[in-house]
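Student: I have a new model on my screen. Where do I start reading it?

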Amino acid sequence: MSDESRPYRTAAVIPAAGRGVRLGPGAPKALRALSGTPMLIHAVRAMAASRAVSLVVVVAPPDGAPEVKNLLDAHALPERTDFLVVAGGDTRQESVRLGLEALPDNISVVLVHDAARPLVPVDTVDAVIEAVRDGAPAVVPALPLADTVKEVEPKEKGEPEPVVATPERARLRAVQTPQGFDRDTLVRAHETVAVNGEGATDDAGMVEQLGVPVVVVPGHEEAFKVTRPLDLVLAEAVLARRRANDGF
């Protein structure tokens with residue numbers, strides 16, 4: 001079945017209101033340059049690369065919507081995709097909710113994507129969308145863990161932390177984005193699930209609290225999150241390899 005004959009449309013919401021303090025002082029993380037182009041633009045292009053995505057909503061810092069809109073206008077983006085910038089909130093959860101509220105009525109599949117994952121391949125985006133279209137209410141891309149994981153009793157920074165348990169690694173996955181949802185399911189999660197502190201870091205976790213099943217599809221090693229300076233070095237290397245292989 002072609003995209004045109006399907007009874008639904010897909011939108012991607014990119015919360016980009018965070019400051020990114022772990023990358024050090026300077027511009028918000030989403031606006032940091034990667035090969036001369038802001039990470040946010042790379043992330044927007046990654047979502048728009050999927051022909052199934054008809055709208056990308058960028059949730060800007062509360063006082064930065066005009067700047068982000070100017071940024072999008074200044075860079076080449078696919079003409080087949082619509083783009084919208086809205087002001088975000090104080091937490092990621094609030095920003096995603098504001099992005100959801102900006103969606104037109106004819107959107108039924110929603111992707112939520114981290115601006116700090118600028119290099120996710122289009123095949124991963126399409127796999128998430130297809131799983132939602134096939135009936136899964138919530139879908140996350142994820143990778144098996146390479147390292148053994150220890151559950152510990154948290155202590156003050158720098159203090160030794162007692163190990164509480166060692167989870168079975170074969171049952172664990174490192175979750176990436178975009179996470180995909182049936183729109184009604186995600187809206188219900190944001191309306192009913194209260195999250196303390198800084199808000200939710202994972203929309204699929206909110207859906208889980210509704211008792212709704214979440215499924216995993218294979219992620220990709222290039223969909224890593226750019227959080228620390230070393231991640232920027234790796235991202236630059238990935239882009240250099242792509243340029244060498246694809247000639248762009």
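Tutor: We go from the overall picture to the cores, then to strand pairing. Keep in mind that this is a predicted model.

Student: How many helices and strands are there in the protein?

Tutor: Count seven helices and 12 strands. Of the 248 residues, 46% count as buried. The accessible surface comes to about 12800 Å², and carbon and sulfur atoms hold 51% of that.

Student: How do I read a nonpolar core?

Tutor: Look for buried nonpolar residues joined through side-chain atoms within 4.5 Å. Here the largest such core has 34 residues. Ile 14, Leu 40, Met 47, Val 56, Val 58 and Leu 111 have the most contacts inside it.

Student: Which elements give two or more residues to this core?

Tutor: They are β1 (9-15), α1 (39-48), β4 (53-60), α2 (65-73), β6 (107-112) and α4 (122-133). The largest share, six residues, comes from α1. Another core, of 22 residues, lies apart from this one; Ile 107, Ala 138, Val 140 and Phe 181 are among its members.

Student: What is Val 56 in contact with, beyond its neighbours within four places in sequence?

Tutor: Val 56 touches Ala 12, Ile 14, Val 44, Met 47, Ala 48, Thr 81, Asp 82, Phe 83 and Leu 84.

Student: And strand pairing? Which strands pair with β11?

Tutor: Follow the bridges. β6 pairs with β11 (residues 179-182) in the antiparallel sense, over four bridges. Val 109 stands opposite Asp 182 there. β7 (residues 138-144) also pairs with β11 in the antiparallel sense, over two bridges. In that pairing, Ala 138 stands opposite Phe 181.

Methods: Residues numbered from 1 in each chain as written. Predicted model: local features only at pLDDT ≥ 70, side-chain atom pairs only at ≥ 80, totals over all residues. Heavy atoms only, no water. Buried < 20%, exposed > 50% of the residue type's maximum accessible area, 1.4 Å probe, protein only. Contact = heavy atoms within 4.5 Å. Areas by Shrake-Rupley, 256 points an atom, 1.4 Å probe, with all protein chains shown as cover. Pairing = 2+ DSSP bridges.
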